Amino acid sequence: MPEITLYTYFRSSCSARLRIALHLKSLPYTPIYINLLEGAQRSPDNLARNPSGTVPTLLISPSPAEEPTLKITQSLAALEYLDEAFPDTYPLLPRDPAKRALVRTLAQIIACDVQPVTNLKVLKRVAPLGVDRADWSREVIVDGLRAYETIIKEAGVSGLYSVGDEVTVADVCLVPAVWGAERVGVDVAGGFPVVAGVVERLEGLDAVRRAHWARQEDTPAELRVE
């Protein structure tokens, strides 16, 4: 078993994607916490590790005693790597090409349309424009979740989760996005009942529960839950 290290932050939805996937696949990892509010993502060490100045960063070493041989600084690429490198433990992409394309479409709606407006770096650039950051984020998130809901309804792929009865990369991306949406006041249950049902079932899984932002070691004590 290789040594897996995850540079993460408790509130980071992109980091949460990898936490969920690692728990689903029963892959032990060592978390190293990067405090985004304190600007640790812009430290020389983190920029050398991740030139984007973000989290997560996934490092893979052949063994604890060896230097990392693989570094992945984008969460979707890391999710696909984990699925390809560890195919025998909880596959996250369907074998059927059409369903696989649907999963990737849904994941990219979250990654490209929803998540960027919750990114601290983006929000800081919006504030000087005189707009309310929460209102601005909320409007864009709602558009993305509406697209997600419409596509899974139109696809007609019934099941417990976004695409059938197995958790996929789409679900791994959806759950943290909904956590972020609820933080800024989006009524997910009222506006997106299909998405809300999927997320409720996902939150019943131990892997998702363990990955929740309120259960991380770097979660402030006043926000932490058991």
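The centres of domain 1 and domain 2, taken over C-alpha atoms, lie 21 Å apart. Before going on: this is a predicted model. The domain assignment puts domain 1 at residues 3-90 and domain 2 at 97-209 of the protein chain. I will stay with the interface of these two.

Start with the residues in contact. Domain 1 contributes 18 residues and domain 2 contributes 21 residues.

Next, area. The size of an interface is often given as the accessible area lost when the parts come together. Here domain 1 and domain 2 bury about 1600 Å² between them, and carbon and sulfur atoms account for 67% of that. Which residues of domain 1 lose the most area to domain 2? They are R17, I20 and L76, and together they make up 32% of what the domain 1 side buries.

How many salt bridges does the rule find across the interface of domain 1 and domain 2? The rule finds one. E80 forms a salt bridge with R104, with 3.0 Å between the closest N and O atoms.

On secondary structure, the elements giving two or more residues to the side of domain 1 that touches domain 2 are α1, residues 13-24, and α3, residues 75-85. Of these, α1 gives the most, with eight residues.

Last, composition. Sorted by class, the side of domain 1 that touches domain 2 holds ten nonpolar residues, four polar and four charged.

Methods:
Residues are numbered from 1 along each chain as its sequence is written. This is a predicted model: local features need pLDDT of at least 70, side-chain atom pairs count only at pLDDT 80 or more; totals for chains, interfaces and linings use all residues. Side-chain values use heavy atoms; hydrogens and water are left out. Domain bounds come from an automatic or database domain assignment. Contact means heavy atoms within 4.5 Å. Buried area is the accessible area (1.4 Å probe) that two parts lose on being put together, summed over both. A salt bridge is a side-chain nitrogen of Lys or Arg within 4 Å of a carboxyl oxygen of Asp or Glu. Helices (H or I, at least four residues) and strands (E, at least two) are DSSP runs, numbered from the N terminus. Ala, Val, Leu, Ile, Met, Phe, Trp, Tyr, Cys and Pro count as nonpolar, Asp, Glu, Lys and Arg as charged, and the others, Gly among them, as polar.
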